[in-house]
Amino acid sequence: MKKSSFVLVVAAFVVVVFASCNNAPKENDTRREAPRMKTELKIAYVEVDSIMTQYTFAKESQDALQKKAQNIQNTLAAKQQALEAAATKLQQDYQANALTQEQAQTRQAAIQRQSNDLQSLNQRLTNEFQAETDKFNDALSDSVQHYLAAYNKDKHYALILTKVGDNILFADKKLDITKEVIAGLNKAYKKPRREAAEKK
């Protein structure tokens, strides 16, 4: 083989190798697709409104809070009416000259003390009611989260969302686990009460 022909063959071989190297995927080539993971993200949601109306603990607690709120309202209303009646009577007696100046001032001071006491009572009862409401909310949240932690050991959801009104714009109804969760919550709630009743 002639020297010039040998050089051409080698040159052609180098060109082919160089071209194939350029076409081979580079390690840092960002255009190369990463292998796709075949993992499925499991998501579900729970309707909070349904928990509040169908979970026995939530219903009983809300009923108790509503009764307490009504009792507070009745107590404050009765004391307010008594205070207004005392003020009206003082005004009438004063206009009828049935009181001396000193007597009027004494009753006026007593009515002012009643008014101050009523304001203090209102504040105290409001704070107590808020504390009970906060306690209920914390207990409800703990109850649901504790149950869902146990429930999810078998279900393996990556996310369990709360649905309140339209805070989730769209969700497939197949993702709704509300009925199952409420049934489990009620079962878990009744069990301790039965055991306590049996021990008595």
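**The core and the pocket**

Guide: The largest nonpolar core has 19 residues, of which I51, Y55, L140, Y151, I177 and V181 touch the most other members. A nonpolar core here is a set of buried Ala, Val, Leu, Ile, Met, Phe, Trp, Tyr and Cys residues joined through side-chain atoms within 4.5 Å. Buried means under 20% relative accessible area, exposed over 50%, partly exposed in between (1.4 Å probe, protein chains only). At least two residues of this core come from each of β1 (43-47), α3 (56-95), α4 and α5 (178-199). Helices (H or I, at least four residues) and strands (E, at least two) are DSSP runs, numbered from the N terminus. α4 supplies the largest share, six residues. Apart from this core lies another, of ten residues, including L90, L118, L121 and L125.

The model is predicted: local features need pLDDT of at least 70, side-chain atom pairs count only at pLDDT 80 or more, and totals for chains, interfaces and linings use all residues. Residues are numbered from 1 along each chain as its sequence is written, and side-chain values use heavy atoms, with hydrogens and water left out.

Now I51. Leaving out residues up to four places away in sequence, I51 touches V46, A58, L140, V144 and I182. Contact means heavy atoms within 4.5 Å.

I51 also lines the largest pocket, as do V46, L140 and V144, among others. That pocket holds about 220 Å³ of space. Two or more lining residues come from each of α2, α4 (101-155) and β2 (159-163). α4 gives the most, five residues. The lining has nine nonpolar, three polar and no charged residues. A pocket is an open set of points on a 1 Å grid over the protein atoms alone, where a 1.4 Å probe fits, with protein on both sides within 12 Å along at least five of seven lines; lining residues have an atom within 4 Å of a point.

α4 itself has 55 residues, which should span 81 Å at 1.5 Å a residue; its end C-alpha atoms are 80 Å apart, so the two agree. The expected span is 1.5 Å times one less than the number of residues. H156 follows α4, with a positive phi near 60°.

Finally, Q54. Q54 lies in helix α2 (residues 48-54). Its relative accessibility is 39%, so Q54 counts as partly exposed. Beyond four places in sequence, Q54 touches K59, I182 and N186. The C-alpha atoms of Q54 and A183 are 8.9 Å apart, though 129 residues separate them along the chain.

Conventions:
Grid points are joined across faces, edges and corners, and a volume is the space filled by probe spheres set on the points. Ala, Val, Leu, Ile, Met, Phe, Trp, Tyr, Cys and Pro count as nonpolar, Asp, Glu, Lys and Arg as charged, and the others, Gly among them, as polar.
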